[in-house]
Amino acid sequence: MSLKEPKSMFVKVRCSKCKNEQIIFGNATTVVNCLVCGKELAVPTGGRAKIKSRILESLN
Ligand SMILES: [Zn+2]
């Protein structure tokens, strides 16, 4: 469960596995993987992407 829904286009997240910080598209239509370790960071749900990692901030 995430504390806040990503409302903006891009969100900065931190990988829960390797702590890599990565900016991802909030409405991703494909699975977004961590560029460092490959862990799933977000999965598409048909609308807004479900963020599976910690959201650090939303970028407008
Ligand atoms: Zn990672």
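Strand S1 (residues 10-14) and strand S2 (residues 21-25) run antiparallel and are joined by five bridges. Two strands count as paired here if DSSP finds at least two bridges between them, and a strand is itself a DSSP run of E with at least two residues, numbered from the N terminus. The model is a predicted one, in which local features need pLDDT of at least 70 and side-chain atom pairs count only at pLDDT 80 or more, while totals for chains, interfaces and linings use all residues. Residues are numbered from 1 along each chain as its sequence is written.

Lys-19 has a positive phi of about 70°, although it is not a glycine. For context, most residues other than glycine have a negative phi. Lys-19 is also exposed, with 11 other C-beta atoms within 10 Å; exposed stands for 12 or fewer such neighbours, buried for 20 or more, and partly exposed for anything in between, with C-beta atoms placed from the backbone.

Stepping back to the whole chain, there are six strands and zero helices (a helix being a DSSP run of H or I with at least four residues), so the elements read β-β-β-β-β-β from the N terminus on. Of the 60 residues, 22% count as buried.
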